Amino acid sequence: MVYVDISKETRPLSFYLAMEEYVARCKPADKEYFFMWQVEPSVIFGRNQLIENEVNIPYCRSHGIRTFRRKSGGGCVYADMSNVMFAYITPDENVSLTFTKYINLVVDTLRLLGVPAEASGRNDVMIEGRKVSGNAFYHIPGRSIVHGTMLYDTNMQNMVAAITPSDEKLVSKGVKSVRQHIALLKDYIDLSLEEFKDFVRHHLCDEEILLDEADIAKIRDIEREYLTDDFIYGNNPRYSVVNKKRIEGVGDMEARIELKNGIMKDVNIMGDFFLLGDIDNRILHPLRNLPYNREAIEAALPARVDDIIMNLSKKALLELLLKN
């Protein structure tokens, strides 16, 4: 695997999201790539999440915590200079298998350090039943990108106050306090954060490339999209139907439907689910301008949707869209 290095300076999280895209789109496609980064206090939420549902915006603004949207699915996370983010880019196009491969790489690396790590659920790495790493993925033609957190240490007050998960999610996981739910790697290894990063780099990678100023300029061109208000906040019209449901193995889901005279003028599906396929062209667009009834919706949806949204059945999607 090739380690992607870059000049040492503090950059916003949006730069590293753009860097992932740049490496995936522009570097030789016959290799796998990996890199790590750290950021000043930031909250990053998933492609399909509503920022007002996930982020305590007033707290973030008053404490200098920046907010960013990524292009992968999954939930909202907090990051700062006391933990590290991983990025893995591969030519493998089966997103689900790639995700499993990456999670296992992380687990095996931690176990080499004597950490009793285990893969758990859709996207987590756990230590003794507590989460140390959450991960997400997305696919572009010819490449898969997986990225995630690694909690070495963190500012717990910011983590708890900046992110506002739903009460239902907290209840479903039996979490009484965030600190009881997460593990900090510093409690399990004798390495400093920099020593840990060095170990991971040399264990996973046998080559490296250094990005130059020309590469950085191209990354900044990609980064512009991540910094627009349209991308960060989205363009959400007023919806006349809002249905929310937590689906086991899928995540928190929210269907928003704009109705006019019984016709679905707009449909959006938000949440922390993982996308495997094209939700816009295979689910959302076919529903627009159809009557809001079970027969029309069922006929417009594909026979299977679990190859579009991980673990989601067509029956569960229908129940979400039609819930009274």
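**Start with two crossing helices**

Helix α9 covers residues 213–226, and α1 packs against α9 at an angle of about 115 degrees with the axes 8 Å apart. Axes here are lines fitted to C-alpha atoms, for helices over the stretch in contact, and angles run from 0 to 180 degrees between N-to-C directions. Helices (H or I, at least four residues) and strands (E, at least two) are DSSP runs, numbered from the N terminus.

Before moving on, a word on what you have open. This is a predicted model, where local features need pLDDT of at least 70 and side-chain atom pairs count only at pLDDT 80 or more, while totals for chains, interfaces and linings use all residues. Residues are numbered from 1 along each chain as its sequence is written, and side-chain values use heavy atoms, leaving out hydrogens and water.

Now show side chains. On the α1 side, pick out residues including Phe 15, Leu 17 and Tyr 22; they belong to the contact with α9, where Ile 216, Ile 219 and Tyr 226 are among the partners. Contact means heavy atoms within 4.5 Å. By class, this contact has 9 nonpolar, 1 polar and 5 charged residues. (Ala, Val, Leu, Ile, Met, Phe, Trp, Tyr, Cys and Pro count as nonpolar, Asp, Glu, Lys and Arg as charged, and the others, Gly among them, as polar.)

**Next stop: α4 and α8**

Select residues 95–112 for α4 and 193–204 for α8; their axes come within 11 Å and cross at roughly 120 degrees. That makes α4 oblique to α8. Leu 105, Thr 109, Leu 110 and Leu 112 of α4 meet Phe 196, Phe 199, Val 200, His 203 and Leu 204 of α8. No charged residues here: the contact has 7 nonpolar and 2 polar ones.

**A cavity to find**

Which residues line the largest cavity? Select Phe 86, Val 106, Thr 109, Leu 110, Met 150, Phe 196, Val 200 and Leu 204. A cavity is a set of points on a 1 Å grid over the protein atoms alone where a 1.4 Å probe fits but cannot get out, and lining residues have an atom within 4 Å of a point. α4 and α8 each supply at least two of the lining residues. About 30 Å³ of space lies inside, volume being the space filled by probe spheres set on the points, which are joined across faces, edges and corners. The lining has 7 nonpolar, 1 polar and no charged residues.

How values were computed. Parallel < 35°, antiparallel > 145°, perpendicular 65-115°, else oblique. 1 Å grid on protein atoms, 1.4 Å probe; cavity = no way out; pocket = protein on both sides within 12 Å on 5 of 7 lines; lining within 4 Å.
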